[in-house]
Amino acid sequence: MFRTPLSIFRILAIAEVFSWTLLIAALIVRAVGGPAVAVTIGGGIHGFVFLSYGATAILVALNNRWSLGTSVLAVGSAVIPYATLPVERWLHRTGRLDGAWRLEETSDPRDRRPIDRLLRWFLRHAGILVALIAVAVVALYVILLLVGPPGGR
């Protein structure tokens, strides 16, 4: 399913669009007198997908060697409702999502950098990588829940 950076990035970009829709719908429900728990549920789902998309964008940025500007644009697009989809389209159209996971060292001198060696190791041990990303996303999610929603209660 996630055999290429494009496939995982596209799925999370689309999931982020759906989670924005859920959050906005929940806000509308609350605004017209519906239960406030709708925002708690919609916001919670959106928050988790938001963090997952951000982690995925960072992973793909490292694998595909995006510039800092491109990386910030990809991660930052999750802050603006529905922006992940046009950003994904642009990244795909410009070839920034092309290629496979970089599992092996090449003659490129950048492949000898510590971050690239570590990335290759984790990509070859995908179970460990997925587990670490999941733990990081869940831990950050829990911390943010404890801090409270944006704008206070």
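Helix α2, which spans residues 37–64, contains 28 residues and extends 40 Å from its first C-alpha to its last, close to the 40 Å expected at 1.5 Å a residue, where the expected span is 1.5 Å times one less than the number of residues. Helices (H or I, at least four residues) and strands (E, at least two) are DSSP runs numbered from the N terminus. The model is predicted, with local features requiring pLDDT of at least 70 and side-chain atom pairs counted only at pLDDT 80 or more, whereas totals for chains, interfaces and linings use all residues. Residues are numbered from 1 along each chain as its sequence is written, and side-chain values use heavy atoms, with hydrogens and water left out.

In the protein chain as a whole, the secondary structure comprises six helices and zero strands, arranged along the sequence in the pattern α-α-α-α-α-α. The C-alpha atoms occupy a box of roughly 60 × 30 × 30 Å along the principal axes. The accessible surface, computed by the Shrake-Rupley method with a 1.4 Å probe and, for residues, with only the protein chains shown as cover, comes to about 9100 Å², of which 73% belongs to carbon and sulfur atoms. Of the 153 residues in the protein chain, 36% are buried, a class defined by under 20% relative accessible area, with exposed meaning over 50% and partly exposed in between. Among contacts (heavy atoms within 4.5 Å) between residues at least 6 apart in sequence, 60% join residues at least 24 apart.

Helix α2 is followed by R65, whose phi is positive, near 55 degrees. A nonpolar surface patch of about 330 Å² is formed by L22, V37, I41 and I45, and its largest share, three residues, is contributed by α2. Patches consist of residues with over 30% relative accessible area and no salt bridge, like charges being joined within 9 Å and nonpolar side chains (Val, Leu, Ile, Met, Phe, Trp, Tyr) within 5 Å; a salt bridge is a side-chain nitrogen of Lys or Arg within 4 Å of a carboxyl oxygen of Asp or Glu. I41, which lies in helix α2, is partly exposed because its relative accessible area is 49%.

The loop between α4 (84–93) and α5 (114–124) contains D98, which counts as partly exposed at 46% relative accessibility. When residues up to four places away in sequence are not counted, D98 touches N64 and H92. D98 and F122 are separated by 24 residues in sequence and by 20 Å in space, C-alpha to C-alpha.

Conventions:
Buried < 20%, exposed > 50% of the residue type's maximum accessible area, 1.4 Å probe, protein only.
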